[in-house]
Amino acid sequence: MLFLLQRGRIADSSPGAAVPSSAEIDAARTLVDRLGGMPVALDQAGAYVEETGCSLQTYLDRFHAQQHALLARRGRAPAHHPDSVDATLSLAYRHVSTMNPAAAELLCLCAFLYPDLISEEMLASGATALGPTLAPIGLDALRLDEALADLASLSLIRRDRRSHALSVHRLVQDVVRSGLSAEQHQLWATRAVAIVEHSLPDGDAYHFTSFPRLLPQAMAAITLINAWEMRTAEAARLTEQVGAYHHVTGDYSGSRRLLLQSLQLRKRLANCEQSDTAPTYTYLAELALSLGQYARAEVLATAALVHRRAEVPPLDLRIADSMNLLGRVHTERGRYAPAETLVRDALELHVRALGEWHPRVAETLSQLAEIAFMRGRYRDTEVLLARALAINERVLGPKHLVTAYSLEALGTLYRYWGRDAEAETQFHRALPILVRSLGSAHPMVMTVLNGLARAKLGQGQFSAAEVLARRALQMREAALGPDHPKLAYSLQSLSEILLAQGRVLEAEPIARRGLAIRDRIHGERHPTVSISLEILARIRERMGDIAEAETLYRRALVILENTAGPTHRACSSCAGATKTRWCPQADGNLSDTCPTPLPQHLLP
């Protein structure tokens with residue numbers, strides 16, 4: 001920055017010289033950043049300021065509006081850098097094209113990638129998409145070394161030995177692109193998208209730790225896809241995986257936009273087979289579940305399964321993934337019998353294809369655990385979740401995002417089981433992993449905060465519980481909107497906390513709001529509606545309205561008997577309440593046996 005200020009005669013080291021203003025320093029800092037610190041570009045900018053007498057801010061404004069004209073300008077004084085930046089870089093590019101055509105093509109490719117952190121591994125994984133001249137470089141480390149040496153000798157590219165990554169100056173990118181025809185532009189843009197797509201992992205939670213380092217490249221590729229209206233399989237998968245990643249991070253609107261774009265691309269591809277759309281249907285169904293759009297999720301999950309079963313030959317692993325997803329949808333909609341059938345069949349296929357110690361097996365076990373949990377079989381739930389946690393900790397590690405999902409699920413089980421201290425322990429293990437991975441405002445973090453609130457309530461820590469519950473409620477409403485089904489869980493927790501403190505006048509409208517959300521989203525016969533009914537019944541009973549309390553208890557009992565079965569632990573509570581006018585805590589007396597036992601090798 002000092003060089004630019006001195007070259008433009010804005011700063012002078014001599015005694016008594018004027019000191020640059022803060023505005024001039026800010027403009028200089030911005031310009032150095034925009035020019036990437038390239039000496040020849042800084043010299044030219046300083047010379048322009050000196051010769052014309054304009055301010056640095058004025059030059060910066062003109063650079064934004066007329067960058068190419070300024071880069072092509074030659075200074076009037078011949079002493080320093082008489083050639084323009086454009087001419088200097090163009091000459092270097094022409095020289096390397098003659099000396100090493102493959103190196104020149106590598107520079108062309110880099111001109112269309114995100115300029116920093118261009119992974120050498122990316123060149124190898126996507127070599128087949130790079131054409132006959134450049135492809136051998138990606139597959140041959142010695143040839144890559146030679147090409148990079150030629151480019152580095154002319155200051156056209158930089159190589160970081162430690163990260164095994166390349167970087168190219170943005171001005172170099174601009175000059176290289178400006179020398180290409182429209183046809184060449186499209187060719188290299190297409191190749192850049194292809195090489196990024198080949199190196200991009202799936203955007204799901206399992207690959208969460210490896211995805212972020214490639215995200216800048218993926219976003220630059222999406223810009224190219226949109227600019228050139230690309231309709232390639234690589235463009236479809238790239239937008240799909242970035243959309244899936246946005247879903248994991250909690251950016252639901254960004255996820256939906258990219259997934260719909262991917263689906264549109266897949267449908268427009270020539271000779272598109274039905275199975276090509278199955279992955280996008282799957283990700284869209286998962287997104288719909290997160291948004292509380294359960295009917296839409298069912299349509300999409302069913303379509304994905306139909307397409308998977310139509311594949312020739314059918315692939316058991318893909319079918320199992322789709323079956324597990326549809327089982328999740330049925331679970332959310334309170335259809336536990338068909339959900340359990342689907343998920344058990346998926347588990348058998350997953351174990352056969354992947355073995356017993358695989359995260360996909362853990363995911364299916366967790367889904368089976370959720371069904372058991374919703375049916376009141378808490379001991380079965382604990383066995384299944386413990387097995388899933390053991391798999392994730394062993395294969396993915398104790399600090400992995402997916403491991404945190406297992407910890408949260410165990411915490412939720414213990415919270416409803418009345419084992420509040422154990423619940424708090426699991427939530428405290430999950431929370432730092434989730435915050436570090438997803439940020440403090442992610443919906444999953446809000447789920448853990450809500451769980452912690454309920455665990456604090458169970459231990460009689462009412463003030464701490466209320467603070468956590470209100471925080472989770474406020475965050476959920478801001479992130480998900482006032483009518484999202486997850487909001488009902490926060491309303492449920494807060495109303496229970498207020499009820500435990502005898503603050504029934506505050507608790508009642510909160511409980512009624514939660515019930516209204518569940519009625520509207522799920523319908524009047526969903527199991528979660530019974531939870532809201534039971535809480536409201538306890539509130540009305542405490543307020544002395546025994547008649548309404550009994551009506552609410554009876555409604556809850558009918559729902560539970562019809563959906564979860566008469567052995568569900570909450571049924572005894574509601575049934576007892578209708579006879580004795582009070583609702584005791586669950587005492588754990590219920591059937592703890594699965595209708596169909598799990599294979600012994602899947603039990604811890």
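Guide: What follows is a set of questions and answers about a predicted model.

Visitor: Why is histidine 185 counted as buried?
Guide: Buried means under 20% relative accessible area, and histidine 185 has 19% relative accessibility, so histidine 185 counts as buried. This residue is found in helix H12, which covers residues 182-199, and, leaving aside its neighbours within four places in sequence, histidine 185 is in contact with Phe112, Arg177, Leu180 and Trp228.

Visitor: What makes the aromatic pair of phenylalanine 211 and tyrosine 245 a stacked one?
Guide: The structure holds five aromatic pairs, and in the one formed by phenylalanine 211 and tyrosine 245 the planes are 10° apart, with 4.5 Å from centre to centre. Since planes under 30 degrees apart count as stacked, the pair of phenylalanine 211 and tyrosine 245 is a stacked one. The pair links distant parts of the chain, 34 residues apart, with phenylalanine 211 in the loop between H12 and helix H13 and tyrosine 245 in helix H14. Both phenylalanine 211 and tyrosine 245 are buried.

Visitor: Why is the pair of tyrosine 378 and tryptophan 417 called edge-to-face?
Guide: Here the angle between the planes is 70°, and the centres are 5.8 Å apart; planes over 60 degrees apart count as edge-to-face, so that is the word that applies. Tyrosine 378 lies in helix H21 and tryptophan 417 in helix H22, so the pair ties together parts that are 39 residues apart in sequence.

Visitor: How do you know that the charged end of arginine 419 sits over the ring of tryptophan 417?
Guide: The distance part of the rule asks for CZ of Arg within 6 Å of the ring centre, and there is also a limit of 35 degrees from the ring normal; the charged end of arginine 419 is 4.6 Å from the centre of the tryptophan 417 ring and is listed as sitting over it. The charged end of arginine 387 likewise sits over a ring, that of tryptophan 357, at 4.2 Å from its centre.

Visitor: What makes helix H18 roughly antiparallel to helix H19?
Guide: The two helices, H18 and H19, pack at an angle of about 155°, with their axes 8 Å apart. Angles over 145 degrees count as roughly antiparallel, and that makes H18 roughly antiparallel to H19. Among the residues that make the contact are Leu317 and Met323 of H18 and Leu342 and Leu349 of H19, and the crossing of H18 and H19 is left-handed.

How values were computed. Residues are numbered from 1 along each chain as its sequence is written. This is a predicted model: local features need pLDDT of at least 70, side-chain atom pairs count only at pLDDT 80 or more; totals for chains, interfaces and linings use all residues. Side-chain values use heavy atoms; hydrogens and water are left out. Helices (H or I, at least four residues) and strands (E, at least two) are DSSP runs, numbered from the N terminus. Buried means under 20% relative accessible area, exposed over 50%, partly exposed in between (1.4 Å probe, protein chains only). Contact means heavy atoms within 4.5 Å. Rings of Phe, Tyr and Trp (its six-membered ring) pair if their centres lie within 6.5 Å; planes under 30 degrees apart count as stacked, over 60 as edge-to-face and the rest as tilted. Axes are lines fitted to C-alpha atoms, for helices over the stretch in contact, and angles run from 0 to 180 degrees between N-to-C directions. Angles under 35 degrees count as roughly parallel, over 145 as roughly antiparallel, 65 to 115 as roughly perpendicular and the rest as oblique. A crossing is left-handed if the near helix is turned anticlockwise from the far one by less than a right angle, and right-handed if clockwise.
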